[in-house]
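Please look at the sequence and the structure below before reading on. My notes follow as numbered points.

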There are 4 protein chains.
Amino acid sequence: MKQKNMKETILQTATNLITKKGIKNTSLADIAKASNISKGTLYYHYSSKNDLISDIADIHLQAITNAVIDCVCGIESNNASSNMVNLIMEKIASIEGRGRIHMYILCEAITENDTLRESVKVKYLEWRNTLKKEISKTIKIDKDAEALSFLLVSIVDGLVVQGLLKSEKVPYENIAEFLVKNWL
Amino acid sequence: MKQKNMKETILQTATNLITKKGIKNTSLADIAKASNISKGTLYYHYSSKNDLISDIADIHLQAITNAVIDCVCGIESNNASSNMVNLIMEKIASIEGRGRIHMYILCEAITENDTLRESVKVKYLEWRNTLKKEISKTIKIDKDAEALSFLLVSIVDGLVVQGLLKSEKVPYENIAEFLVKNWL
Amino acid sequence: MKQKNMKETILQTATNLITKKGIKNTSLADIAKASNISKGTLYYHYSSKNDLISDIADIHLQAITNAVIDCVCGIESNNASSNMVNLIMEKIASIEGRGRIHMYILCEAITENDTLRESVKVKYLEWRNTLKKEISKTIKIDKDAEALSFLLVSIVDGLVVQGLLKSEKVPYENIAEFLVKNWL
Amino acid sequence: MKQKNMKETILQTATNLITKKGIKNTSLADIAKASNISKGTLYYHYSSKNDLISDIADIHLQAITNAVIDCVCGIESNNASSNMVNLIMEKIASIEGRGRIHMYILCEAITENDTLRESVKVKYLEWRNTLKKEISKTIKIDKDAEALSFLLVSIVDGLVVQGLLKSEKVPYENIAEFLVKNWL
DNA sequence: GATGAATGAGTGTTCATTCAT
DNA sequence: TATGAATGAACACTCATTCAT
């Protein structure tokens with residue numbers, strides 16, 4: 001089993017497994033097996049499970065960050081405030097696919113993995129700042145802009161949770177419409 | 001080592017440990033030790049770890065449910081719409097103390113514990129319905145009332161996450177003020 | 001749960017459970033539960049698991065012993081040599097219902113339970129002697145009578161094994177017929 | 001602690017321990033200790049206790065199967081029918097060394113281990129068929145040949161039981177002599 | 001007589017990690 | 001680079017037994 005981007009392969013396989021079963025329920029043996037390599041090889045590329053988790057988290061956080069930035073860019077180019085929310089909703093939907101791993105990373109971050117928590121913290125700050133900067137174009141009161149940045153990030157995380165519980169279908173469109181009408 | 005409310009003691013000890021270290025990182029040995037009992041005794045009172053987790057989750061979910069209902073009752077008695085948001089924010093703060101365990105339960109629920117997921121699902125539905133009923137007194141458009149119920153629940157979960165990351169202080173008051181201004 | 005023959009009840013319940021699941025896989029908790037008594041009460045009547053097993057084994061061994069003696073009595077009263085084999089076969093069938101527990105007791109006896117082994121040993125000796133005495137009426141060569149006594153006991157145990165494996169239906173009638181033709 | 005045929009070593013050690021103490025009374029910790037390896041290493045080679053038991057049983061069943069086949073081959077080459085019984089008796093004696101484990105495997109098979117029961121079932125069928133084919137050369141009545149195949153297998157198992165009880169010395173020679181005189 | 005609470009040693013199993021080759 | 005063998009601590013869970021009431 002010789003591959004150029006072995007690390008890439010491992011990363012992808014591990015991400016898939018962890019998305020399905022969670023961090024604690026995915027063993028390095030599982031990952032090695034699914035990657036068609038030995039545990040030894042896995043350790044050659046990643047010096048510990050935390051090391052691997054760290055990479056997975058980085059990639060995930062970057063992916064969501066990109067989604068958030070995409071949002072903002074979309075708004076800028078369209079200059080239609082209502083689009084922001086639409087785009088956010090669209091992104092939430094795309095994030096939902098990543099929802100499970102998002103939750104696992106959050107839990108891991110708040111529990112015991114200080115490095116991971118720091119990464120997540122930084123990203124969340126970055127998201128809020130990016131959103132706030134954009135919001136400030138429309139909403140001139142700084143306090144409100146900040147509050148809204150917190151709220152928007154919250155809503156994303158919160159809707160991810162409700163999406164994952166798979167109770168009722170989350171009415172994304174109605175939610176977006178409501179946000180546009182009342183907030184912007 | 002004989003105690004009257006041994007089950008209660010175990011429950012409390014376990015809740016504390018799990019709040020600190022998470023479900024997966026808290027072993028039954030840890031719980032037994034911290035409760036000053038043997039593992040055998042623990043198993044006498046709880047027939048499995050899931051059984052114990054289930055009790056902890058039930059208590060937690062009930063506590064938050066009560067908080068949500070308190071909110072709504074508060075609003076009704078005051079008949080001041082602005083109070084709803086204030087109360088929600090107040091409750092979020094009180095929930096924050098339970099934030100860690102809230103996250104752990106959510107992760108457990110979405111990962112592998114079907115029984116738990118069902119419990120959580122039911123509670124979330126109950127919360128949204130309770131909120132929606134109250135919201136409907138002010139907002140007559142049903143679609144909006146429903147969207148808002150999803151949003152409020154999301155905001156609670158989302159702010160819990162941001163609270164737990166302990167990055168910046170979450171500006172609860174500003175957020176509440178913003179919500180009041182724009183919603184009601 | 002007040003009962004006159006509590007010990008009897010326990011014994012019966014335990015026998016049923018052990019027949020189904022084996023000695024090692026039947027816990028005293030199981031037995032207590034199925035008897036609708038507490039473990040404490042069980043220990044009031046039986047001072048240990050071995051004590052209980054011992055009683056169960058005694059009853060079982062006596063039951064088979066009676067079957068063997070019935071055989072011999074039947075023969076005596078009928079004075080038809082062919083009947084002996086028929087009766088033995090009939091008894092084997094009746095023993096088959098007890099086959100599982102018979103095997104469990106044998107295993108327990110040869111493994112670790114010296115008292116039990118002694119009981120079983122004594123019974124087997126008794127059976128062979130009883131059979132030999134009867135056989136001697138027909139077969140005058142002592143060596144042959146003894147060999148046949150060993151063989152008959154063996155055949156019972158052996159057919160029990162094959163019955164328990166539930167592969168093909170054991171052709172008891174053909175076997176009996178064959179024995180009659182060739183032995184007596 | 002590195003060894004070439006570690007799996008072989010484990011198998012041998014486990015077989016010895018189980019022969020002495022029985023399956024249920026032999027723990028994996030015992031086996032690991034006696035093999036001078038860690039429990040982890042044991043699990044590296046055998047993924048479960050059942051897996052190990054399965055290997056032990058397979059080897060045992062094959063050994064007896066070979067003994068049975070040897071019997072038949074011996075007969076064929078000698079063409080002396082009386083030899084068959086002598087050989088069987090000889091084999092029984094050799095099986096006696098394996099008697100304890102034979103009993104344990106039978107008990108395990110009838111209790112709870114479906115895979116094992118299937119293996120045993122297949123072997124017993126194979127033995128009977130092998131015997132019947134050989135018997136058919138002498139005894140032309142099919143029903144009798146079949147009955148005798150059941151009887152011979154039964155006698156082996158039954159004599160194993162009586163051998164294990166170590167009451168009196170089992171008179172193998174007399175038994176063989178009797179069989180030859182009356183059956184063939 | 002009867003019980004429920006408590007115990008602690010033991011069970012099979014998992015797993016991140018190490019390391020010689 | 002890559003691997004398979006080895007490890008040992010930890011895990012959830014079981015169970016015969018004890019004992020105060």
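**Notes on the fold, the pairs and the cores**

1. In chain A, residues 24 or more positions apart account for 62% of the contacts with a separation of 6 or more. Two residues are in contact if their C-beta atoms, placed from the backbone, lie within 7 Å.

2. A word on the source. This is a predicted model: local features need pLDDT of at least 70, side-chain atom pairs count only at pLDDT 80 or more, and totals for chains, interfaces and linings use all residues. Residues are numbered from 1 along each chain as its sequence is written, while chains are lettered from A and ligands numbered from 1 in the order in which they are written.

3. Chain A has nine helices and zero strands. Helices (H or I, at least four residues) and strands (E, at least two) are DSSP runs, numbered from the N terminus. Of the 184 residues of chain A, 43% count as buried. A residue is buried if 20 or more other C-beta atoms lie within 10 Å of its own, exposed if 12 or fewer, and partly exposed in between; C-beta atoms are placed from the backbone.

4. Look at helix α8 of chain A, residues 142–165. It has 24 residues and reaches 35 Å from its first C-alpha to its last. That is close to the 34 Å expected at 1.5 Å a residue; the expected span is 1.5 Å times one less than the number of residues. α8(A) is mostly covered, with 21 of its 24 residues buried. Just after α8(A) comes A:Lys166, with a positive phi of about 50°.

5. The same surface serves both copies: 98% of the contact residues of chain B recur in chain A.

6. Now the contact between these chains. It joins 43 residues of chain B to 42 residues of chain A. On the chain B side, α6 (99–111), α7 (114–138), α8 (142–165) and α9 (172–183) each supply at least two residues. The largest share, 18 residues, comes from α8(B). By class, the chain B side divides into 24 nonpolar, nine polar and ten charged residues. Here Ala, Val, Leu, Ile, Met, Phe, Trp, Tyr, Cys and Pro count as nonpolar, Asp, Glu, Lys and Arg as charged, and the others, Gly among them, as polar.

7. Turn to chains C and D. A rotation of 179° with 0.1 Å of shift along its axis superposes chain C on chain D, at an RMSD of 0.2 Å. 42 residues of chain C are in contact with 43 residues of chain D. α8(C) gives the most to the chain C side, with 18 residues.

8. Which residues touch the most other members of the largest nonpolar core? They are A:Leu106 and B:Leu106, in a core of 98 residues. A nonpolar core is a set of buried Ala, Val, Leu, Ile, Met, Phe, Trp, Tyr and Cys residues joined through C-beta atoms within 7 Å. Not counting residues up to four places away in sequence, A:Leu106 touches A:Val120, B:Met103 and B:Val161. Apart from this core lies another, of 96 residues, including C:Trp127 and D:Ile18.

How values were computed. Copies are superposed by least squares on the C-alpha atoms of residues with pLDDT of at least 70 in both.
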